[in-house]
Amino acid sequence: MSSITKVALAGATGNLGPAILDQLLAAGFQVKVLTRQSSSHTFPDSVEVAPVDYDSLDSLVAALQGQDAVVSTLASLALEKQLLLVEAASQAGVQRFIPSDFGSNTVHPKTSKLPSYGHKVAVQEALKREAAAKGGEGMTYTIVINGPFFDWAVRVGWLANLKKREINLWDGGDRAFSTTTLAGVGRAVAGVLEHPAETRNRAVFVQEAALSSRDLARYAKQATGGAEQGSWKEHQPSIDELVNAGWAELKKEQPNPDNWVMNFITAAVFGEGYGAHFEKNDNELLGVKEMGEDEVVAMLKKLA
């Protein structure tokens, strides 16, 4: 496969986009950022900015001409627009497509069936069809699986709430899960594009830490000086109850996404049998290093 030098980044804002942009630039890639035509965001002078209409195939094809790869970090509410982006990338002759997957193990058979991941799985299937086209010489893809964004998920109080000193120990909190910081995900994306042959048409797995919620509670207490008795509240909710509530909401005539989407995402991270703790990973290939306990505690101190 030809080397990749020119990368189009769709969705360079939000939580993950800037981290991926930083790592692509640090690795020496020429980056073109696709922005909505109404966007007022600014980017470094070295970045080419291309306003596009994400609902127009012609607009997307024109913007992707001459690009070697597309990296999508489109937000959850826009994931369905990736199907048109995939078609446009193929028509423009793009070599590699990395979809906005970045998170739970969506290639795991149990996780892929969760309704929260329907759009992501649909994009995966579209990419597989493109890869099979032209006698198996169609546009290639890589799916990056990295678990929850470690720093972001702590910052917003989901993995652990450092401000309130609270944490959910789902089903007791002893199941391990893999997790990666935003910068670590960015480094993994750059690593994929630096190794196109080794990452062709498959999922790659990266983790900067593999720990349980009980482990995280211990580290959080060290980071906040809250190891003394009673200074942290530890709740022990049930994943089965959470999942059942999600399915019950979906049976309603007009389900409220606020009452089911995160239920299944939470199950995919903390539940049993969703492949959240990666048995093997591609850290070494992609240049992602695992964090030691001291590094985890230091990160949590900065976030506290």
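**A chat about the sheet and its helices**

Biologist: Hi! In strand 9, what is the bridge partner of I145?

Modeller: In strand 9, I145 has F205 as its bridge partner. Keep in mind that we are looking at a predicted model.

Biologist: Thanks! And how many bridges join strand 6 to strand 9?

Modeller: Four bridges join strand 6 and strand 9, and the two run parallel. Strand 6 also has strand 5 as a parallel partner, over two bridges. In that pairing, F97 stands opposite Y141 of strand 6.

Biologist: What unit do strand 5, helix 4 and strand 6 make?

Modeller: Together, strand 5, helix 4 and strand 6 make a β-α-β unit, and it is right-handed.

Biologist: Is strand 6 enclosed or open to the outside?

Modeller: Strand 6 covers residues 140–145, and six of its six residues are buried, so it is largely enclosed by the rest of the structure.

Biologist: Which residues point which way from strand 6?

Modeller: T140, T142 and V144 point one way, while Y141, I143 and I145 point the other way, and all of them are buried.

Biologist: Let's zoom out. In what order do the strands form the open sheet?

Modeller: The order is 3-2-1-4-5-6-9, which makes seven strands with parallel pairing. At the edges are strand 3 (48–52) and strand 9 (202–205), each of which pairs on one side only. From one strand to the next, the twist averages 25°.

Biologist: How many bridges do strand 1 and strand 4 pair over?

Modeller: Strand 1 and strand 4 pair over four bridges, in the parallel sense. One spot to look at is V7, which stands opposite A69 in strand 4.

Biologist: Which strands does helix 2 touch where it packs on the sheet?

Modeller: Helix 2 touches strand 1, strand 2, strand 3 and strand 4, and its direction makes about 170° with that of strand 3.

Biologist: Which residues of helix 3 are buried?

Modeller: Helix 3 spans residues 82–91, and its buried residues are Q82, L85, V86, A88, A89 and S90. These pack against strand 1 (6–10), strand 2 (30–36), helix 2 (57–64), strand 4 (69–72), strand 5 (96–98) and helix 4 (118–136).

Biologist: Now helix 1. What do its buried residues pack against?

Modeller: The buried residues of helix 1 are G17, A19, I20, L21 and L24, and they pack against strand 1, strand 2, strand 4 and helix 6 (182–194). Just after helix 1, G28 has a positive phi of about 90°.

Biologist: Let me pick A19. How far apart are A19 and G186 in sequence and in space?

Modeller: A19 and G186 are 167 residues apart in sequence, and 5.5 Å apart in space, C-alpha to C-alpha. A19 is at 14% relative accessibility, so it counts as buried. Setting aside neighbours within four places in sequence, A19 is in contact with L182, A183 and G186.

Biologist: Last topic: rings! How many aromatic pairs does the count come to?

Modeller: The count comes to seven aromatic pairs. W158, W170, F177 and F270 are linked into a cluster by ring pairs.

Biologist: And where does the charged end of K110 sit?

Modeller: The charged end of K110 sits over the ring of Y274, 4.3 Å from the centre of that ring.

Terms used:
Residues are numbered from 1 along each chain as its sequence is written. This is a predicted model: local features need pLDDT of at least 70, side-chain atom pairs count only at pLDDT 80 or more; totals for chains, interfaces and linings use all residues. Side-chain values use heavy atoms; hydrogens and water are left out. Buried means under 20% relative accessible area, exposed over 50%, partly exposed in between (1.4 Å probe, protein chains only). Contact means heavy atoms within 4.5 Å. Rings of Phe, Tyr and Trp (its six-membered ring) pair if their centres lie within 6.5 Å; planes under 30 degrees apart count as stacked, over 60 as edge-to-face and the rest as tilted. A charge sits over a ring if NZ of Lys or CZ of Arg is within 6 Å of the ring centre and within 35 degrees of the ring normal. Two strands pair if DSSP finds at least two bridges between them. Axes are lines fitted to C-alpha atoms, for helices over the stretch in contact, and angles run from 0 to 180 degrees between N-to-C directions. A crossover is right-handed if, with the strands pointing away from the viewer, the path from the first strand over the helix to the second runs clockwise.
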